[in-house]
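Here is a short briefing on one protein model. Look at the structure first, then work through the points by topic.

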Amino acid sequence: MFEKVLIANRGEVALRIHRACRELGIHTVAVHSTADADAMHVRLADEAVCIGPPPATDSYLNIPAILSAAEITNADAIHPGYGFLSENARFAEIVGEHGITFIGPTPEHIRMMGDKIAAKEAAKSLGIPCVPGSDGSVGNDTDAKRVAKEIGFPVLIKATAGGGGRGMKVANSEAELSEALSMARSEAGKAFGNDQVYMEKYLVTPRHIEVQVLGDSQGHVIHLGERDCSLQRRHQKILEETPSPALNAGDRDKIGDIVVRGLSKLGYLGAGTVEFLYENGKFYFIEMNTRVQVEHPITEAVTGIDIVREQIKIAAGAPLSYEQKDVTFHGHAIECRINAEDPKTFRASPGRVTDYHPPGGLGVRVDSALYAGYSVPPYYDSLIAKLIVHGPTRNECLMRLRRALEEFVIGGIDTTIDLHRKLVSNVDFVNGAYDVHWLERSMGSWR
Ligand code: MV4
């Protein structure tokens with residue numbers, strides 16, 4: 001096992017990784033920007049190294065500074081968390097070249113899944129069902145017309161370097177195709193420095209359902225069920241739940257089996273998430289994330305499996321602690337993402353937290369790096385807390401979640417707590433009757 005792990009991240013996920021390390025008897029090194037000198041992750045870690053000025057490009061994305069911090073502290077592994085360098089294949093490669101273990105998948109698999117066309121080709125060859133579309137990239141208008149005729153309108157143009165919905169364009173008819181193609185291409189070029197695009201059949205009312213997987217260096221792969229992440233706003237997830245209200249146990253086992261068989265063939269190592277669109281009882285692969293995700297705690301709640309602990313053990317060469325038959329699902333879990341932002345405009349609202357009273361009690365978990373007196377810096381993501389609630393049934397989970405949201409006090413800054421209070425009492429949400437567009441469509445009419 002590792003003696004010392006450097007945590008190349010900040011905020012709640014840095015605490016999450018520190019806690020997993022502590023329980024395994026591993027020392028931790030925090031890295032931080034000058035803006036984060038008073039941050040909780042710095043206070044909690046055994047050692048801390050300042051790696052640069054506030055902008056992330058100069059600190060949390062500064063590869064030479066992070067490697068220097070690992071070398072001077074003698075860390076034997078680096079955990080990247082989510083965001084920042086977590087899906088940077090070159091970073092994973094450089095870490096390895098310095099004789100330090102990258103806690104995550106191989107650089108090859110990170111690179112493959114970062115290229116959305118390569119990821120889809122891989123998924124297809126591994127027997128994972130995909131959205132009908134172009135085989136590879138689409139070149140010119142003629143090419144686009146031919147593919148669109150094959151799959152039928154509406155179609156969606158996506159950037160191969162994309163993800164997160166940036167640069168996507170819908171074309172409802174042949175008349176709209178040429179403009180959608182050129183707009184998607186120019187947005188992709190500007191945003192990602194890669195203007196390759198591909199085409200898919202546009203699914204009009206899908207849900208976003210993702211499957212959590214773990215693979216070890218002995219070639220074992222297991223799945224930990226699904227998460228329904230359909231409640232999003234501008235491609236930012238707001239609330240996630242497991243199990244999905246749209247799935248039955250048979251569908252869950254089936255998609256889980258398909259994913260496990262596919263990723264076993266690939267020899268996938270570490271934690272990963274396979275993302276699907278789900279419509280009319282069918283799953284369609286869209287992307288794979290090669291990191292631990294923000295919403296992993298709901299899976300931990302229903303399976304009892306510590307996903308970050310497994311990531312660390314896998315990276316150290318240990319076999320998975322569980323076989324598929326040991327993975328059982330208990331009850332229902334929901335995560336509310338609490339952001340420091342104006343609940344109406346969604347503009348970031350950094351500043352000093354005057355009061356902090358997180359909820360507690362049975363089935364309630366709060367992952368956060370906040371404390372009273374802390375100032376939320378303006379430079380980074382606005383996620384400041386995650387409220388994760390577990391209950392025996394979806395209804396009991398919802399009752400507990402409403403109670404926990406009532407208790408939660410974060411004073412001094414605007415947060416999305418109030419939005420969650422409204423959401424969890426909404427009749428469509430309570431009925432589980434939502435797709436990926438429902439939140440943005442319905443929020444306008446809330447009081
Ligand atoms: C789609 C789609 C419909 N059809 N692909 C948006 C983010 C990116 N990860 C995939 N996205 C979508 N891809 C096809 N073929 C609809 C979306 C989509 C969406 C997906 C998941 C969660 C929220 C969404 C909101 C709008 C559109």
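Two strands count as paired if DSSP finds at least two bridges between them. With that in hand, arginine 233 has glutamine 236 in E11 as its bridge partner. Keep in mind that this is a predicted model. The briefing covers an open sheet of eight strands, a set of 35 salt bridges and the surroundings of a ligand.

**The sheet as a whole**

- Strands of a sheet pair through backbone hydrogen bonds, either parallel or antiparallel.
- Here the pairing is antiparallel, and the strand order is E13-E12-E9-E10-E11-E14-E19-E17.
- Which strands stand at the edges? They are E13 (282–289) and E17 (364–368).
- Each edge strand has a single partner strand, so one side of each is left without a neighbour in the sheet.
- On average, neighbouring strands of this sheet are turned by 25° against each other, direction ignored.

- E17 runs antiparallel to strand E19 (residues 383–391), and five bridges join the two.

- Is E10 buried or exposed? 13 of its 13 residues are buried, so E10 is largely enclosed by the rest of the structure.
- E9 and E10 run antiparallel and are joined by six bridges.
- Isoleucine 209 stands opposite aspartate 228, a residue of E10.
- These two strands form a hairpin with five residues between them. In the turn, glycine 219 has a positive phi of about 90°.
- On to the next pair: E10 and strand E11 (residues 236–242) are antiparallel, with four bridges.
- E10 and E11 form a hairpin as well, with two residues between them. Arginine 234 sits in this turn and has a positive phi of about 50°.

**Salt bridges**

- Side chains of opposite charge can pair when their charged atoms come close.
- How many salt bridges does the structure hold? The count is 35.
- Aspartate 306 pairs with arginine 16, and their closest N and O atoms are 2.6 Å apart.
- This pair links distant parts of the chain, 290 residues apart. Aspartate 306 is in the loop between helix H10 (296–303) and H11, while arginine 16 is in helix H1.
- Both aspartate 306 and arginine 16 are buried.
- Aspartate 143 and arginine 146 form another salt bridge, at 2.6 Å from N to O.
- Both of these residues lie in helix H7 (residues 141–151). They are three residues apart, about one turn of the helix.
- Arginine 146 counts as partly exposed because its relative accessibility is 46%, and the cut-offs for that class are 20% and 50%.
- Aspartate 143 also touches Ser137 and Val138, leaving aside residues up to four places away in sequence.
- Glutamate 300 and arginine 365 form a salt bridge, with the closest N and O atoms 2.8 Å apart.
- Glutamate 300 is in helix H10 and arginine 365 is in strand E17, so the pair ties together parts that are 65 residues apart in sequence.
- Glutamate 300 has a relative accessible area of 8%, so it is buried. Arginine 365, at 24% relative accessibility, counts as partly exposed.
- Salt bridges with shared partners join Glu210, Arg227, Lys237, Glu240, Glu295, Glu335 and Arg337 into one network.

**Around the ligand**

- Which of the 18 residues around the ligand come nearest? They are Lys158, Glu200, Lys201, Leu203 and Glu287.
- Lysine 158 has a polar side-chain atom 3.0 Å from a nitrogen atom of the ligand.
- Glutamate 200 has a side-chain N or O atom 2.9 Å from a nitrogen atom of the ligand.
- Lysine 201 has a backbone N or O atom 2.7 Å from a nitrogen atom of the ligand.

Technical notes. Residues are numbered from 1 along each chain as its sequence is written. This is a predicted model: local features need pLDDT of at least 70, side-chain atom pairs count only at pLDDT 80 or more; totals for chains, interfaces and linings use all residues. Side-chain values use heavy atoms; hydrogens and water are left out. Axes are lines fitted to C-alpha atoms, for helices over the stretch in contact, and angles run from 0 to 180 degrees between N-to-C directions. A salt bridge is a side-chain nitrogen of Lys or Arg within 4 Å of a carboxyl oxygen of Asp or Glu. Buried means under 20% relative accessible area, exposed over 50%, partly exposed in between (1.4 Å probe, protein chains only). A residue is near a molecule or strand if one of its heavy atoms lies within 4 Å of it. A polar contact is a pair of N or O atoms within 3.5 Å; within protein, one must be able to donate a hydrogen and the other to accept it, and residues adjacent in sequence count only if both atoms are side-chain atoms. Contact means heavy atoms within 4.5 Å.
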